[in-house]
Amino acid sequence: MKKRIYLDYDSTLIDFNDYMFEDMKRDMNLNFKVKEIYNYKQEIQKYYDDKKELNNEGYYNKANFFQGSIEFLKKLKKNNFEIVIITSSMSKEQKKYKMNHIKNNIEKYITEVIPARKKHIHSMDGMFIDDRVKNIYEHVENNETFGVLYNHENIVNNEEDIKEYKLQEYKNYTTLTNYDELFALICEKYKIIENKKNKTNKLT
């Protein structure tokens, strides 16, 4: 089996959303926490569509990579992992700007980019890492490989969603909050030691 890692992009590798949400809350007089954003899906979509004047690269011209994310990609690449970005977009414009951002910043580390809303269909043969509970649930429910709900310190897990989807019942699931722990887990699951030739590629 190939050593393949499937990674979400927005809010997993880059801090894309904060700028847009702050503008959105101000302009629409809304007050919600980051962990509640998916309750405002329609509002977010409409807001992004209406803010055409921002679409000279959208909010990607402000987005920063989370601390440690590039080093994480480098370590995966160094250990011969195939890194596949699976990402969904709110519009054709956002998809275009996101692809440009990926190309300009991390193209040399990754194998391919898959634009998809139903991510679990594409992540059957490798570990899947995403910040959204629903996406991780669909992966571990439908696939035998491992799923990691990855959250940064400023993105709090929605515990109600975790309970609703009963993620705790799945043995091929965990939650992590930093890239060092994530890389260590990947090495454990693929039975490899960093900087040494792996003896097996089989996921547990």
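Phenylalanine 65 counts as partly exposed, at 21% relative accessibility (buried is under 20% relative accessible area, exposed over 50%, partly exposed in between, with a 1.4 Å probe and protein chains only). This is a predicted model, in which local features need pLDDT of at least 70 and side-chain atom pairs count only at pLDDT 80 or more, while totals for chains, interfaces and linings use all residues. Residues are numbered from 1 along each chain as its sequence is written, and side-chain values use heavy atoms, with hydrogens and water left out.

**Aromatic pairs**

- The structure holds six aromatic pairs (centres of Phe, Tyr or Trp rings, the six-membered ring for Trp, within 6.5 Å; planes under 30 degrees apart are stacked, over 60 edge-to-face, the rest tilted).
- One of them joins tyrosine 9 to phenylalanine 65 edge-to-face, at 6.2 Å centre to centre and 80 degrees between the planes.
- Tyrosine 9 lies in the loop between strand E1 (4–7) and strand E2 (14–15) and phenylalanine 65 in strand E3 (residues 64–65), so this pair ties together parts 56 residues apart in sequence (strands, E, at least two residues, and helices, H or I, at least four, are DSSP runs numbered from the N terminus).
- Tyrosine 9 is buried, at 0% relative accessibility.
- Tyrosine 137 and tyrosine 165 form a tilted pair, 4.8 Å centre to centre with 35 degrees between the planes.
- Tyrosine 137 belongs to helix H5 (residues 133–142) and tyrosine 165 to helix H6 (residues 159–165), so the pair ties together parts 28 residues apart in sequence.

**Cluster and charge**

- Phe72, Tyr150 and Tyr179 are linked into a cluster by ring pairs.
- The charged end of lysine 3 sits over the ring of phenylalanine 81, 4.5 Å from its centre (NZ of Lys or CZ of Arg within 6 Å of the ring centre and within 35 degrees of the ring normal).
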